[in-house]
Amino acid sequence: MTHTLHRQGNIESLKEDYIVLVLGTDIPFGAYRMRMRRKFPGIYEIAKKALLDLGILNMLRTIKRMRPRRLCQGPVFSNKKELAAYLKELKEKATGKSVVVSGLFEEVNDCLKEINLTPHTVQFSLGIFGKKELLARDEILEITTMCGHHMISPRLVEKLAGDIKNAKISSEQAIRVMSRQCVCSVCNEPRARKLIEALAK
Amino acid sequence: MRVNSKKCIGCMECIPYCPVGVIVPEGDKCMIDEDRCLECYVCLKADVCPVDALEKVPLKWPRILRHQFSSVAMIHKATGIDGRGTAEMKTNDVTGRYRHGEVGFTIDVGRPGVGTSFQDVEKISMAVAKVGVEFERMNPVTKLMADKSTGELRDDIKTERVLSCILEFKTEDTKTVSVINALRDVSRSVNTVFSVGCICRCRPDGTPPVKGVLDKAGIFYRPNGKTNIGLGRPLAP
């Protein structure tokens, strides 16, 4: 799950784009399972395979999904002030869950200093390697990379920008169509609106 | 996915929704190139076809992999985890997956928006395996490897295509530049793109040691990325 890592854009635009994810571990049985995996890796693998084969693990995951709490949840912020306030709230709540912030390192570090926290682990994006001629143009990628799973098609962005230009739809309507494709809801709608309006011009 | 040509009225509304552009006009109707369709179901979920002409096709092994890796919410049978990889650094304050002296990598093959064959995924996994890396055991691509020491994938899956999949591995921090050089080399021989993420545990003062390594080697990194702020409750000291 690296879906919020590779967001593209210039510094000014990225200053309006922060995502906070609050996560339990990706381990269905939480702490107990982690301890078991560390201490008895052989038994752990056998038990997990048995649970998978019997369909019990998937059943438990399905039940977990039906509950209102999601494994990965968190809002998108358009400014540093709101981000800092939210992080402060999370720190005070002390739920023990992991909190991950995606955004400009410099700005995020400023927020952390304000609430006396330091980064624990970071992930850098080293950019795109390979056959770059296959990519959509940068203006499109700035929008589509906001859905890290790439459920938003570059062709859809082009079409919606064209529809805005031809006054067939408003930019709000276009964003509604576009962000519906991003099932993780990490598409920053205010930022996406600015970008698609610029594209429509 | 396929278009039921008896139902299709040729409105072409579904065409722009396909992330890899495989819905195309054919005469006065739409059709889906099934060889290139990645079974992400984005077109279906968009619910834009006024006559419900978009239909799922039965997915058997190994084609089911297309859906497992391309659709976001699918749980991988081999790992019991949804999404395309693990929580990697997001829960590092709890899991201790990446420790001091280690550097982690996430290689999103086919991303953004190009898609990839497993043949290309294998080229990358074999290139980094030569440097000496430890592939993440809970990752769904690792589960498809025939040999985790060489990065070789199972023969029966190599011709399948997916929207994106993630190679996850870690190694000693002294091998950071070697891994990136291996990625640069292999990038010339793949028919896709891949986005590279580089993970490290920070020092007590919050500075990431790998930043100095990247700076010294003149390796590009974006000004934005992900920061785990350490609020997770660790299981062990």
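This is a predicted model: local features need pLDDT of at least 70, side-chain atom pairs count only at pLDDT 80 or more; totals for chains, interfaces and linings use all residues.

Me: How many helices and strands in chain A?
Reply: Chain A has ten helices and five strands. Helices (H or I, at least four residues) and strands (E, at least two) are DSSP runs, numbered from the N terminus.

Me: And chain B?
Reply: Six helices and 13 strands. Its C-alpha atoms fill a box of roughly 65 × 35 × 35 Å along the principal axes.

Me: How much of each chain is buried?
Reply: In chain A, 43% of the 201 residues are buried. In chain B, 49% of the 237 residues are. Buried means 20 or more other C-beta atoms within 10 Å of the residue's own; exposed means 12 or fewer, and partly exposed is in between, with C-beta atoms placed from the backbone.

Me: OK, the interface. How many residues does each chain put into the contact?
Reply: Chain B gives 73 residues and chain A gives 70 residues. Two residues are in contact if their C-beta atoms, placed from the backbone, lie within 7 Å.

Me: Which element of chain B gives the most?
Reply: E12(B), with nine residues. The side of chain B that touches chain A divides into 37 nonpolar, 23 polar and 13 charged residues. Here Ala, Val, Leu, Ile, Met, Phe, Trp, Tyr, Cys and Pro count as nonpolar, Asp, Glu, Lys and Arg as charged, and the others, Gly among them, as polar.

Me: Which strands pair, E5 of chain A and what else?
Reply: E5 of chain A (residues 121-130) pairs with E13(B), antiparallel, over four bridges. Strands pair if DSSP finds at least two bridges between them. A:Gln123 stands opposite B:Lys226 in E13(B).

Me: New topic: H6 of chain A. Which residues are buried there?
Reply: H6(A) covers residues 105-114, and A:Phe105, A:Glu107, A:Val108, A:Cys111 and A:Leu112 are buried. They fall within an arc of 165 degrees seen down the axis, so they line one face of the helix. The arc is that of the directions from the helix axis to the C-beta atoms.

Me: What do they pack against?
Reply: Helix H5 (80-93) and strand E4 (98-104) of chain A, together with E13 of chain B. The face turned away from the buried side carries the exposed residues A:Glu106 and A:Lys113.

Me: Now H8 of chain A. How does its length check out?
Reply: H8(A) runs over residues 154-165, and its twelve residues should span 16 Å at 1.5 Å a residue; the end C-alpha atoms are 17 Å apart, which agrees. The expected span is 1.5 Å times one less than the number of residues.

Me: Which of its residues are buried?
Reply: A:Pro154, A:Leu156, A:Val157, A:Leu160, A:Ala161 and A:Ile164. They cover an arc of only 155 degrees around the axis, which puts them on the same side of H8(A). Their cover includes helices H7 (138-144), H9 (171-180) and H10 (189-200) of chain A.

Me: What about A:Ile196, what is it in contact with?
Reply: Leaving aside neighbours within four places in sequence, A:Ile196 contacts residues including A:Val157, A:Leu160, A:Ala161 and A:Ile164.

Me: Where are the cis peptide bonds you found?
Reply: One joins B:Trp61 and B:Pro62, with omega about 0 degrees. B:Pro62 lies in the loop between E4 (54-55) and H2 (64-70) of chain B. Another runs from B:Arg111 to B:Pro112, with omega near 10 degrees.

Me: And positive phi?
Reply: Most residues other than glycine have a negative phi. A:Ala94 has phi near 45 degrees, and B:Glu39 has phi near 55 degrees.

Me: Buried or exposed, those two?
Reply: A:Ala94 is exposed, with 9 other C-beta atoms within 10 Å. B:Glu39 counts as buried, with 25 C-beta neighbours inside 10 Å. B:Glu39 lies in the loop between E3 (29-32) and H1 of chain B.

Definitions and conventions: Residues are numbered from 1 along each chain as its sequence is written. Chains are lettered from A and ligands numbered from 1 in the order in which they are written.
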